[in-house]
Each structure stands twice: as structure tokens, then as C-alpha cells.
Amino acid sequence: MRGDRKHQGRGRGRGGRGGPHRGNRWRGGFRGEKSAATGGIRERGKGNERPQNTMAPRLSEDEVGITEFIGQHDGFKAVMKHRFSDFHVNEIDCDGNVVKLTSLEVPIEEQTPILRHELIPEEVWERISNMVLMYTKSKCRDSTQNRIAASSGVSKLKQESPQVVPDKICEENRDPPASSEEQSTDTESVPQKEESQSVELDVTTMDKDSRRAIHTCVKLAFKEVNSNTVDRDGKKFVTFSVGGARDNRGKWPASRKGEYLHFVVHKRNMDTSDTVNLISEKLWLKPNTLTFAGTKDKRAITSQLMCIRRGEPSRLFNLSKGLQNIYLGNYVFKEKSLKLGDLMGNQFRIALRFVDGSDEQINSGLESLRNNGFINYYGLQRFGTNKAVPTHCIGKALFLGDWEKAVDLILQPRDSFPVLKSALDEWRSNKDAKAALRKLPRSFHSLEECLLQGLEKHGSKDFVNALSMVPRNTRLMYLHAYQSLIWNKSVSQRIKEFGFQPVVGDLVLVKSEKESNEEECESLDTSLLSSSEVEIAERLKKQEVQYITENNITDFKMQDIVLPLPGCNIVYPSNSIGDFMRNLLKEDGLSCETKQHNVKQYNVGGTYRHIIAKVDKLDWEIIKFKDSEKDLILGDYEELKERTIMRDQLEDANYKAIILSMCLEPSTYATMAIREVTKTDTSAFTQASMSAASVDVENIQSTEVILNEASSTTENMATEDDIKEESDDAQVCDSDTMTAEKDTVVENENKSVKRKINESLGDEIAEKKLKET
């Protein structure tokens, strides 16, 4: 490990351990780069910039089995996520409510007075009250005396030695920083006679529940009081005292009606795990103390619920003031925590720009989506962005137990970052992890660095333990990517062979997902969260399925049919699709009768997924707009601030857009729903190319307008040969004005591109797209 001594103790250097954070990563999030939330751009080491004129090859849809459509309508071109503000996601909680940020303020809590419990005599209650009152007055008196003494000490120092006053004041009168023990102890400010005060209550005849009720009542009513049960002379007494080290257990305000603080997190262009890491770091908590129902898209504006046990709204309110692109609000206390999977789905609001289809084509495609749904493919984001080494290839190596190949694939040199490539070349040439790590700057943190640290720690041949240094969610992502590839290819084959009708041998669920997973979701640990929300619905499922037969085929529709993801204890279709899946696994050296893995952490259970996904509450609007960079959808924060979007006049608008909203169940991909409508490739490369082409067309059209105006002006000038001299001067002025207008247009175009680049910092695909533009 390459942590140096001066940075150890606060988790700052590599290998440093300090505070609640060990090292630089939690839940797969890498720190060491400034995130958008802190107002900075991503730092890259010297010589670590991306190539300006090349884009790494990207996966296409057909390479991961995405080939088929349901609808028979004609497709059209439309750009998705031209800006991250074109994609809005709002979580839908378990009660069916759409999660929105509607308030940033700390709620005003009602102070409910605690009444005396019937087991506590009125005389004892009054004595406790008087004891607390005397204790409070004593603390105020001592505090006043300390301030007076401090003031007199300063005056005396000024008279005796004016030249050394500043130093002596700093040494003698500065309050030292309070430790956690000092903050919860009042022994120094309370006289000894107050510490010894106590009130006793004989509870010999009471049972344990009655004694607990007395303790709870007094602690809630008087925060300064400690209570203990003691045995003396064969009897039991509850003693109430003040001062000393107080026990704060159980002193949670009853008015809050629960000790779990639920709040809305509204983030812009940030990953969920990065957001959790940042909030927990500011609160000095471990990230797994923040719980949430599921992850949300990074390149989007999203709102979701998060939860902290015994969190203070005021603390989060103050914290949120120092964050950028993250807003916290809607604080409420509840009795139950928020667990992974506690959601009914997500609401999407999406703007598709630069649409070239007619209104009839658009309406036809969206009506088909509303009536028929879409094929429930796993989207391209499931398989990573590196075509040379897709995530599913690494997952296959892990399934096979070929640990060396998995390591080689992860550490395969590529041209993403020159500095990273240099380190990976060093590893591939000499298998020296320590030498490879030396080639990485300290400001650079990556998945490859984790693996190299594991190889350095455990040896260049201990691949299993070296892989354990990679965050567990990332390793799970590799495994699930391979399962997803098999599922996508099998679904496409099923549709090609049998169409959209149930056939004998298909599989259908006996129980609903909610019923079959109710107990498993209760025990799921959010610290094991994978980077995909699909894990919420698919891990730990125990679903029962049955075959479609000649006798029951009329009882089912296409929407009922499921296909398995390979894993343990999975049933495959009894028709040719089952054979197709077995052959796919056999070609990769795997068996459909997958057994438990020798390394327990790589055991992945199989599950079942519906072939057709349905869309709920689909609505859309076709609009025209002029400015290619203009916001078309308001986020929660903008609505909270009562901002509005002015629609462009139709005669001035050059472009067409679709503003659509829909609700989808968990684990489904909105990009696949949009693909069904537009019938265009949703890969980052295709979308970036269409977006860049649209911007180029806009620039070309603007230039043509200027040139046409210039040509027309020149012709008019040429036909008037006999004009006067002062008229010539006027024409020269007109020409200068036209040139200035050209410069203004070019300047506006440059500003538009610069604004787009600034907006897309931190998003590699969009940044590349704009650099090419």
C-alpha cells in the first residue's frame, strides 16, 4: 500500500485509516476525485487527459442480444439525454406516492408534555422535578462565575505584563475542544453536593415491565436525570440522580413518533453511491448507515427517499447548504427503516429532442407502447461501456472460476487514460503490482488500482484474494451482466421463433414477486448493494413457476410468460428455448445445472423475469423549440422555487421534441421503452452522433442564413452604380453591421458549445460528444 505517514489518520492517503472511513472507498464509490456535488470538476493527473479526437469502441444493441420489437409502427429519430436535464426520475414509494422535493425547511416539532406515570407517586415526581430545577440553577450559576473569573484573569494579566497578554490569554483562557466524553459529562461544572443528590423509589413489588415503564417515563420527561435499579437489603429501588456521566439511551423524543428519519434526496447528474458517500462523509457516518430503496440514474435529475436512524433534520439542513447539485428536504420521522426494495417503481419524465418523425408516427408509436408494453430487455448500461472488455466477459470468467483470466481482463490495457494504460502495461509485462502502482498518481483512484493493491498484498498468483479487494457490488455486477446477456439472447430467440403468443413449454409464475420475496427483503443488507437497481428485485428471489400445457394454455397471456436467468435451482422452458439456453451456456463451458460455487462469495442464485414489461400512466406532449440547449422539463427544485419554462412561438421554433411521462416497475429500463417507440439504437455512440449532427445542422443553417443575407445585400449594391457618394458610405456601414451580426452569431454558437461542455463535465460520453462537435 502506498499511504504515507503524514496523511494517515483521516483516510486521506492511500491505505490511511481514520474517522469512520477506512481507506478511500465505500460501496464501490471512489474518492480522490472532486465530484459535482462539491462544486469542482474531476481532477486528472498530469498526462491523464482523455484523447481529444478518438472515442473508444462502444457496445451496440445487437451485440448484447437486443434485436426485436413489439410494435409494427414506423420508427423515427429522436435524441435521448441530449442534456442530463432531459431525464427526470422520481421514486414511487410503497404507498404508491411519487417522491418529490416539496420543502427544504426543518419541520417544526410539537413538544408533547410527558405526563407522570401512574406507578410513580406524585411526591416522588415532585422531588425529581425539584432536583432537576436545583441542578439547572447550579449549572447556570457556575457558568456565570467561570465567565467572571475569566474576565478578571484577563484584566490582571493586562496590568502585570501587557507585552505577553496575547500569548498568556491563548494558553490559559482558551476553551479546549470538547471530547465526546466531556460533552456528555457535567461533573466539572456541578458541585459535589449536587452530584450526590438522588431520589429513590421502592419497586420491590413491581415486575420488570413496570420498572422499565418508570425508567422510560422519567428519562423522557427529564433529560438531565439518570435512573438505575439497585438491590439493597433484599429490596429493589430505582434511584434517580443528576450530574455525572448521563446515559442517553432511550431518550428519543416521543413527539417524533419514530426514530428513523426519512428524507428526500434530489440530485442532479450524480451517481447514487457517490451521493451516499458524500453525505455520510459530511456527517462522519459509515455509508451503510444511510439506507435507501434503490439506485437511480447518474446522468439525470432524480428524487428518492433515504433514511438515517436517529438523524437530526437540523443537521442535514445545515449540511445541505454546503452541497451543490444535491438538495435535501421533506424530513419526517417513521417507526420503520427504509430497506432495499421498498418501492413500487419509478416515474420518468423524459424529453426527446430533434425528433424527425411526423405527429402521426409519434402518436402511433406511443399508443403501441401504451397498449402492448415493450420487451423487457436489459439495457446497454448493464454491460458497461468498454467494448474491448465488456462486463459480461469478466462475469463469465468468474462463473467458470477462471480467476486469472478475470484479473487479466480487468487489467487489460486500454487507451481510456494514458497514465492508467502505463500502469497496466507495466503489470502485463512484468507482473509486478508494486511497480505498476508506482506509475499511478496519488490523485487517481480506480477499480484497477484496487485490484493491483490486492495483488501487491496477497501476491501475484493469489487471484481469488486479490479480487476480494474489488468492491463486492462491482463483482456482483460482472456476474449479473453475464446472466443478463444469456437472458437477452434467449428472449430474442423466443420472439423470433414463436412470436408474441404463449406456447406449450413456456414458464409462468405461480406466485407474484411481492408475495414470494416479502420475507427475503426484510433481511437484505444494503451494504451489499449492487450498482444496478436490478439487484433489488432479483437477489434472494424464491419464485415458483409452472409449465404451460395444452390444458391451461388459454389461461395465460404473453404478459404472464417469464424466462430464467441462469443460476442455482432454476427451471428452464421445456420447449426449444430451453435447449437454446442450455446450448448458450455449454458454448461458454457452463452447465444449466449450475452448482454452488467453490468460492461462496460468487454464488449467484437464478431468478425469473417477465418477457413483456408494461407501462403505466403514459402521457406525452409534442412541442416545438428554438434553442437546442434550452431546458424543456422543470425539476422538483425548480418547481419548488416556482420557476417556469416559456414555450417558443411556433413560427420561431425550428425543432420538434416529445415530452413524455410514464411509470415503470423496479428493474425495468426506460431506455428500452423509448427504443420500442423510436426503433433507434439507444447506445451512447449512436445517441451522441445524432446529438452532434443536430447541433452541426443548426450551425450550418445559421451560417446559410447569414450568407444568403450577405449575397442579397451585395447584389443590391451592385445594381446601383449611379448612387451618390454618401449613399456608398451608408452601404459600407450596412456591410460592417452585417459582419458584426456574423460575429455575434458565431460567438453565440461558441457560448452554446461551451455551456454544454461545462454541463457535461464528469460525464465521459457527453464530454466526448461535445468535443467532437
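In which sense do E7 and strand E9 pair, and over how many bridges?

1. The model is predicted. In it, E7 and strand E9, which covers residues 235–242, pair in the antiparallel sense over five bridges. Within this pairing region, leucine 201 stands opposite valine 238 in E9. As background, strands of a sheet pair through backbone hydrogen bonds, either parallel or antiparallel.

2. E7 and E9 belong to an open sheet of three strands with the order E7-E9-E8 and antiparallel pairing. Strand E7 (198–202) and strand E8 (225–232) are the edge strands, each of which pairs on one side only. On average, neighbouring strands of this sheet are turned by 25° against each other, direction ignored.

3. Helix H5, made of residues 208–221, lies across E7, E8 and E9. Helix H5 runs at about 155° to E8.

4. Two residues deserve a check of their backbone angles. Most residues other than glycine have a negative phi. Aspartate 233 has a positive phi, near 55°, and is not a glycine. Aspartate 233 is found in the loop between E8 and E9. Its relative accessible area is 75%, so aspartate 233 is exposed, the cut-off being over 50%.

5. Asparagine 269 also is not a glycine, and its phi is positive at about 55°. Asparagine 269 lies in the loop between strand E10 (260–268) and helix H6 (272–283). Is asparagine 269 buried or exposed? Asparagine 269 counts as buried, because its relative accessibility is 8% and the cut-off for buried is under 20%.

How values were computed. Residues are numbered from 1 along each chain as its sequence is written. This is a predicted model: local features need pLDDT of at least 70, side-chain atom pairs count only at pLDDT 80 or more; totals for chains, interfaces and linings use all residues. Side-chain values use heavy atoms; hydrogens and water are left out. Two strands pair if DSSP finds at least two bridges between them. Helices (H or I, at least four residues) and strands (E, at least two) are DSSP runs, numbered from the N terminus. Axes are lines fitted to C-alpha atoms, for helices over the stretch in contact, and angles run from 0 to 180 degrees between N-to-C directions. Contact means heavy atoms within 4.5 Å. Buried means under 20% relative accessible area, exposed over 50%, partly exposed in between (1.4 Å probe, protein chains only).
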